[in-house]
Amino acid sequence: MMKIAVACGLVLSSLLAVSSTAEQFDFFYFVQQWPGSFCDTWRGCCFPDTGKPAADFGIHGLWPNYAKCHGGGGDDASSFFSIVGRRGRCWPEYCEEDGNALSPWEIRDLVASLARNWPTLSCRSGDSFEFWSYEWKKHGTCSNLRPHDYFARALALKAAHNLTAILAAAGIVPSDTETYSLSGVSDAIAAATGATANLQCNRDKDGQAQLYQVFQCVDREAKQLIDCPLHMRSRCSGGSVKLPLF
């Protein structure tokens with residue numbers, strides 16, 4: 001009996017240690033970007049080592065986030081800056097100081113899918129694994145997930161809610177001439193997924209607003225979409241946006 005009690009005590013201590021070190025964020029932002037909007041700016045883009053991505057929304061990241069910024073002011077949930085972390089600590093990042101490097105072996109069965117669905121378009125580096133490693137180190141280490149689960153759940157979310165198909169079904173298709181109402185984009189995503197999302201625009205070379213990123217909110221298990229608990233300014237103006245060809 002004494003041995004059983006000691007063993008139970010060790011298990012309980014271990015569980016308490018895990019729970020005490022778990023990152024207590026509130027939800028995930030699952031962020032996808034339209035490659036045409038990424039590339040159609042004065043900065044341009046570069047294709048990854050795996051070649052030109054498909055004309056499809058690509059994953060930017062799966063980011064743990066707080067419902068309220070911690071300290072430094074920034075309790076105004078309607079402020080874009082309260083989302084992006086310039087007013088207080090609005091999300092956890094770099095949660096493991098040691099042993100946080102992503103190993104190719106850990107995600108070996110996901111690489112082909114990641115190359116299709118999570119491409120990098122940055123000209124700083126076209127190395128896809130370097131991009132995924134950065135996302136893991138900055139955000140994934142705070143997710144309370146193992147590397148394989150972190151990437152697999154992001155891929156599953158994208159597959160379950162295909163933004164390109166959702167928008168196409170609503171008549172919102174890539175074009176260099178057409179514009180679409182921001183409310184129409186938002187309503188189409190909400191109707192198809194059952195959850196509201198936040199939208200972000202950027203500007204093309206002529207200064208016109210274009211749909212850039214979709215911020216979908218996900219529960220702490222990274223499995224189910226939820227209504228976004230925070231509202232962010234869209235950086236869109238005039239109520240209409242482009243979805244440029246890619």
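## Gln210 in strand E5

Let's start with Gln210, which sits in strand E5, the stretch covering residues 209–218. Keep in mind that this is a predicted model. Is Gln210 buried or exposed? Its relative accessibility comes out at 0%, so Gln210 counts as buried, the cut-off for that being under 20%.

What does the side chain of Gln210 reach? It gets to the backbone oxygen of Ser37, at 3.2 Å. Ser37 also turns up among the contacts of Gln210 once neighbours within four places in sequence are set aside. That list includes Asp40 and Thr41, the run Gln200, Cys201, Asn202, Arg203 and Asp204, and then Val241, Lys242 and Pro244.

## Gly51 in its loop

Gly51 belongs to the loop that links helix H2 (35–39) and strand E2 (58–65). With a relative accessibility of 28%, Gly51 counts as partly exposed, because that class runs between 20% and 50%.

How far apart are Gly51 and Arg116 in space? Their C-alpha atoms are 9.7 Å apart, although 65 residues separate the two in sequence.

## Cavities

Which residues line the largest cavity? Arg116 is one of them, together with Gln33, Pro35, Pro53, Ala54, Asp56, Phe57, Gly58, Pro119 and Leu121. By type, the lining splits into 6 nonpolar, 2 polar and 2 charged residues.

Notes. Residues numbered from 1 in each chain as written. Predicted model: local features only at pLDDT ≥ 70, side-chain atom pairs only at ≥ 80, totals over all residues. Heavy atoms only, no water. Helix = DSSP H or I, 4+ residues; strand = E, 2+ residues; numbered from the N terminus. Buried < 20%, exposed > 50% of the residue type's maximum accessible area, 1.4 Å probe, protein only. Polar contact = N/O pair within 3.5 Å; in protein donor to acceptor, adjacent residues only side chain to side chain. Contact = heavy atoms within 4.5 Å. 1 Å grid on protein atoms, 1.4 Å probe; cavity = no way out; pocket = protein on both sides within 12 Å on 5 of 7 lines; lining within 4 Å. Nonpolar A, V, L, I, M, F, W, Y, C, P; charged D, E, K, R; others polar.
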